[in-house]
Amino acid sequence: MLRLAVSSVLMIKPQIQQRAMSSLVCSKALIDGKWVSASSGETFEVKNPANNRVVGSVPNMNAKDAQLAIDAAKKAFYSNEWAGLTAKQRSQLLKNWYHLIEKNTQEIAEIMTAESGKPINESKGEVAYGNSFMEWFAEETRRIYGEIVPSPIQNREIIVMKQPLGVAALITPWNFPLAMITRKAGAALASGCTVVIKPAEDTPLTALAVAKLAQDAGIPDGVVNVVTTKEAAPIGDLFCKSPDIHGISFTGSTEVGKILFRQSADGVKKVSLELGGNAPFIVFDSANLEKAVDGAMASKFRNCGQTCVSANRFFVQEGVYDKFVAGLKQRVESLKIGHGDCADTQIGPLINTMQFNKVSGFVEDARSRNCKIVTGGKPLKDLGDLFYAPTIVTDVAKDAKIYTEEVFGPIVTIIKFKTEEEALKIANESRRGLAGYFFSEDVQQIFRVAKRLEVGMVGVNEGIISAAEAPFGGVKESGIGREGSHHGIDEYTEVKYICLGNLKYY
């Protein structure tokens with residue numbers, strides 16, 4: 001949960017400190033156990049969004065390079081260098097990976113902060129959170145069970161087993177550059193699959209650092225491959241159409257997810273999609289307002305609001321509306337905003353210019369529609385080009401962009417409602433259905449609303465809901481499949497039925 005200051009908004013200047021280059025900062029991609037350049041020789045720079053400084057460069061790979069990674073993963077899979085290991089052996093290697101990530105938390109967090117801009121304490125938190133998936137799936141490796149089903153015929157036995165898909169392509173986003181890899185790769189490798197990872201162009205260094213630790217952990221060559229690129233579309237197209245890719249897992253925008261889904265249709269490929277959200281956050285009259293404000297801060301402002309499960313549309317019942325807005329305003333104005341390498345920073349920059357323009361455009365659109373800017377609503381150019389003040393907007397028009405679209409930034413939009421039915425109606429109007437939150441002390445209302453919210457995950461009196469043990473995923477246009485929990489294994493396995501006939505027992 002965000003730790004808040006007691007003063008008004010504080011803007012923290014960057015620490016002028018030169019750190020030694022981390023041994024985990026890699027400038028090449030990983031294919032078949034080798035650190036390689038792009039076949040074209042092209043590279044691209046990775047920049048810190050807080051100050052636009054270059055923090056590294058990586059290969060700008062194309063579809064030809066990606067095919068080499070697919071070939072390596074295919075070879076590793078069919079040679080049984082991974083799937084052929086016992087579950088216990090795979091489990092031990094994943095545990096080795098887990099322990100190395102844990103040991104290198106500080107270095108990984110510094111890399112993550114440098115390329116994503118998120119505060120260093122958040123980066124450390126992400127390493128711990130992301131690594132919890134590696135630990136979980138290392139344990140789940142030994143619990144991928146089959147079934148013996150009673151047969152309707154006397155001399156037959158029905159056996160059901162789970163087998164790995166084969167090669168899985170993992171396409172991961174910039175907002176959680178470690179956790180989205182471990183959540184996918186942990187499940188895929190536990191199942192016996194091999195993987196080709198394409199990290200986001202904004203944050204490839206974290207992915208490469210984690211891949212280096214996979215090598216150090218003893219994961220065989222070709223089992224984990226990482227392709228870095230600025231040309232995502234051709235590589236995504238290859239993943240979808242290649243007969244050697246048996247499953248695709250993608251976390252990102254709904255628009256891109258739909259493209260990948262269509263492209264995968266001809267091959268009837270197994271697809272897992274964790275797409276955009278438009279999470280409602282409902283505060284009922286019966287709510288504990290202190291808990292509700294705490295939950296709002298935790299859900300909304302983590303990673304500068306750039307999370308798929310971030311609360312997006314706040315609906316507050318009229319009896320507590322004024323108190324909630326006042327309480328939230330006080331807390332928002334006490335946030336410490338600054339560069340990620342400062343220990344006290346709670347809010348960093350937006351990831352890139354496109355995201356900054358989107359967020360500032362939403363606020364200007366709201367102004368043009370006479371919405372009320374309670375606090376914030378402006379760039380913080382003294383800190384850097386991509387900093388935007390945490391903002392609260394009320395009296396929101398229903399045709400405003402911040403009402404209809406996912407913000408993915410530090411903007412709270414608050415709408416007053418009268419009845420539970422009204423709140424549920426407007427909350428469920430969205431075609432997105434990833435997460436939803438509500439605060440109530442009425443037990444009957446809790447069960448009613450939790451069942452009726454059209455989302456895949458519900459936080460009741462809680463703003464942070466994700467955990468390795470729980471299934472993560474959405475409904476409607478927010479995705480297909482689940483990640484984390486024992487359900488996460490299902491995305492990387494096929495169910496095989498074996499009928500043993502003409503048996504003689506006597």
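**Exercise 1. How do the residues of the lining of the second largest cavity divide into nonpolar, polar and charged?**

Solution. This is a predicted model, in which local features need pLDDT of at least 70, side-chain atom pairs count only at pLDDT 80 or more, and totals for chains, interfaces and linings use all residues. Residues are numbered from 1 along each chain as its sequence is written, and side-chain values use heavy atoms, with hydrogens and water left out.

Step 1. On a 1 Å grid over the protein atoms alone, a cavity is a set of points where a 1.4 Å probe fits but cannot get out, whereas a pocket is an open set with protein on both sides within 12 Å along at least five of seven lines; lining residues have an atom within 4 Å of a point. Grid points are joined across faces, edges and corners, and a volume is the space filled by probe spheres set on the points.

Step 2. The second largest cavity has a volume of about 40 Å³. Its lining consists of L165, G247, I248, S249, K270, V271, S272, E491 and Y492. Two or more of these residues come from each of β11 and β12 (270-274); helices (H or I, at least four residues) and strands (E, at least two) are DSSP runs, numbered from the N terminus.

Step 3. Classes are then assigned: Ala, Val, Leu, Ile, Met, Phe, Trp, Tyr, Cys and Pro are nonpolar, Asp, Glu, Lys and Arg are charged, and the others, Gly among them, are polar. The lining of the second largest cavity therefore divides into four nonpolar, three polar and two charged residues.

**Exercise 2. Which element gives the most to the lining of the largest pocket?**

Solution. Step 1. The largest pocket holds about 1,100 Å³ of space. It is lined by 40 residues, of which W174, F250, G252, S253 and V256 are the closest to its centre.

Step 1. At least two lining residues are supplied by each of α7 (232-241), β11 (247-251), α8 (254-265) and α11 (353-368). The most come from α8, with six residues.

Step 2. The lining of the largest pocket comprises 16 nonpolar, 14 polar and 10 charged residues.

**Exercise 3. Characterise the packing of α7 with α8.**

Solution. Step 1. The axes of α7 and α8 come within 8 Å and cross at roughly 40°. Axes are lines fitted to C-alpha atoms, for helices over the stretch in contact, and angles run from 0 to 180 degrees between N-to-C directions.

Step 1. The angle makes α7 oblique to α8; angles under 35 degrees count as roughly parallel, over 145 as roughly antiparallel, 65 to 115 as roughly perpendicular and the rest as oblique.

Step 2. The crossing of α7 and α8 is right-handed; this label applies if the near helix is turned clockwise from the far one by less than a right angle, and left-handed applies if anticlockwise.

Step 3. G236, D237, C240 and K241 of α7 are in contact (heavy atoms within 4.5 Å) with L260, Q263 and S264 of α8. This contact has two nonpolar, three polar and two charged residues.

**Exercise 4. At what angle do the axes of α2 and α5 cross?**

Solution. Step 1. Helix α2 (residues 87-103) and helix α5 (residues 179-191) have axes that come within 9 Å and cross at roughly 160°. The two helices are therefore roughly antiparallel to each other, and α2 passes α5 in a right-handed crossing.

Step 1. From α2, R90, L94, W97 and I101 meet T182, G186, L189, A190 and S191 of α5. Five of the contact residues are nonpolar, three polar and one charged.
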